[in-house]
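Here's a quick tour of a protein model, with the cut-offs spelled out along the way. Have the structure open as you read.

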Amino acid sequence: MSSFVRETMALTRRWFLHTLRQPIAVAAGLFQPLIWLFLFGSLFHQLRLPVAAGGVEVSYIPFLAAGVIVFTAFNSALATGVPVLFDKENRFLERLLVAPLRSRFSIVAASALHIFVMSWVQTAIVMLVVDGWSADVSLGLSSFFGVLLVTSLLILGFTVLSIGLAFGLRAHFEMLSLIQVVSLPMVFVSSAFAPVSLMPAWLQWPATLNPLTATIEPVRALILQGRLPAGPLLEAPWGTLGFAGCVGYLLVFDLVAVLAVGAFLRRYLR
């Protein structure tokens, strides 16, 4: 086993020990999207909304379920940098930077690996709850892992951005304020709560360029159809994307995030 892998595993174990000591924070991150599903689903339960894949209409709870699943993964990824900032404030990060590590990028890799595992667990739990809640949701083994794959692409991009911000900002309250400003507008300016076709024209552009929308539409098709969707999923003013197009869009988003943040981290960690 290489030194980099051993260092990453040791630092990842530290993050999981932190998580085990903070069960309330983990539970809050899990129950918040479920509360949204219960409240919004109960409020608009009589609505039937169109779904791009298959050209059908479904009740609001299964329509909202995809947004809740993606919202869970998005929130976890966006908060990745907060524990790193706490390390920065109490000077533990300085100790890591002067430690005899073979590669300082193991610090970044450990944070990313920890949040990936936690996001997968939370997303899986939400999917199982949604599957048992609504008869319109059809989750098989293939669609289950398909949802995890698509959400992983979203998690990667926002985890990288969050870690980059953590190394760039000075205090955790700056990060928390930024998350508060960014998270809700991004969720509402997406197809989580309403289809893009029902949005005003001026809102369709930012909604379809939002990486959350490019994640929600494939997830929605997977959990409603139980298989890989074949038709168009995202009908935007600038074009139409199918499953492969949405995945490609997320890969481009991840590549831009990695290149932008990677250049900054190389300067910081050298």
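## Arg91 and its loop

Arg91 sits in the loop that runs between α4 and α5; helices here (H or I, at least four residues) and strands (E, at least two) are DSSP runs, numbered from the N terminus. Its phi is positive, about 70 degrees, even though Arg91 is not a glycine. For context, most residues other than glycine have a negative phi, and most peptide bonds are trans.

Some ground rules: this is a predicted model, so local features need pLDDT of at least 70 and side-chain atom pairs count only at pLDDT 80 or more, while totals for chains, interfaces and linings use all residues. Residues are numbered from 1 along each chain as its sequence is written, and side-chain values use heavy atoms, with hydrogens and water left out.

## Overall build

The protein has eleven helices and four strands. Its C-alpha trace spans about 60 × 40 × 35 Å along the principal axes. The radius of gyration, taken over C-alpha atoms, is compared with a globule rule of 2.2 Å times the number of residues to the power 0.38. For 270 residues a compact globule would come out near 18 Å, and the protein's 19 Å agrees with that.

Of those 270 residues, 50% count as buried, where buried means under 20% relative accessible area, exposed over 50%, and partly exposed in between (1.4 Å probe, protein chains only). Contact means heavy atoms within 4.5 Å. Among contacts between residues at least 6 apart in sequence, 78% join residues at least 24 apart.

## The cores

A nonpolar core is a set of buried Ala, Val, Leu, Ile, Met, Phe, Trp, Tyr and Cys residues joined through side-chain atoms within 4.5 Å. The largest one has 75 residues, and those with the most contacts inside it are Phe74, Phe158, Phe167, Val187, Leu212, Val219 and Ile223. Helix α3 (residues 60-78) supplies the largest share of this core, 14 residues. Apart from it lies another core of seven residues, with Val196, Leu203, Leu234 and Leu241 among them.

What does Val187 touch beyond its neighbours within four places in sequence? Its contacts there are Trp36, Phe71, Phe74, Ala192, Phe193 and Leu212.

## The largest pocket

Pockets and cavities are found on a 1 Å grid over the protein atoms alone: a cavity is a set of points where a 1.4 Å probe fits but cannot get out, a pocket is an open set with protein on both sides within 12 Å along at least five of seven lines, and lining residues have an atom within 4 Å of a point. Grid points are joined across faces, edges and corners, and a volume is the space filled by probe spheres set on the points.

The largest pocket holds about 960 Å³ of space. It has 29 lining residues, and Ala25, Ser76, Ala79, Val82 and Pro83 are the closest to its centre. Helix α2 gives the largest share of the lining, six residues. By class the lining has 15 nonpolar, 13 polar and one charged residues; Ala, Val, Leu, Ile, Met, Phe, Trp, Tyr, Cys and Pro count as nonpolar, Asp, Glu, Lys and Arg as charged, and the others, Gly among them, as polar.

## Two cavities

How many cavities of 30 Å³ or more does a search of the whole structure find? It finds two. The largest has about 60 Å³ of space, lined by Leu11, Arg14, Trp15, Val84, Asp87, Leu93, Leu96, Ile107 and Ser111. α1 gives the most to this lining, with three residues.

The second largest cavity has about 40 Å³. Its lining is made of Trp36, Leu64, Gly67, Val68, Phe71, Val187, Ala192 and Phe193, and α3 gives the most, with four residues. By class that makes seven nonpolar, one polar and no charged residues.

Val189 lies in the loop between α8 and α9 (201-209), and at 23% relative accessibility it counts as partly exposed. Leaving out residues up to four places away in sequence, Val189 touches Leu203, Pro206, Ala207, Asn210 and Thr213.

Gln204 is in helix α9. Is Gln204 buried or exposed? It counts as buried, because its relative accessibility is 18%. Gln204 and Val189 are 15 residues apart along the chain, with 8.5 Å between their C-alpha atoms. Beyond residues up to four places away in sequence, Gln204 touches Val196, Ser197, Met199 and Pro237.
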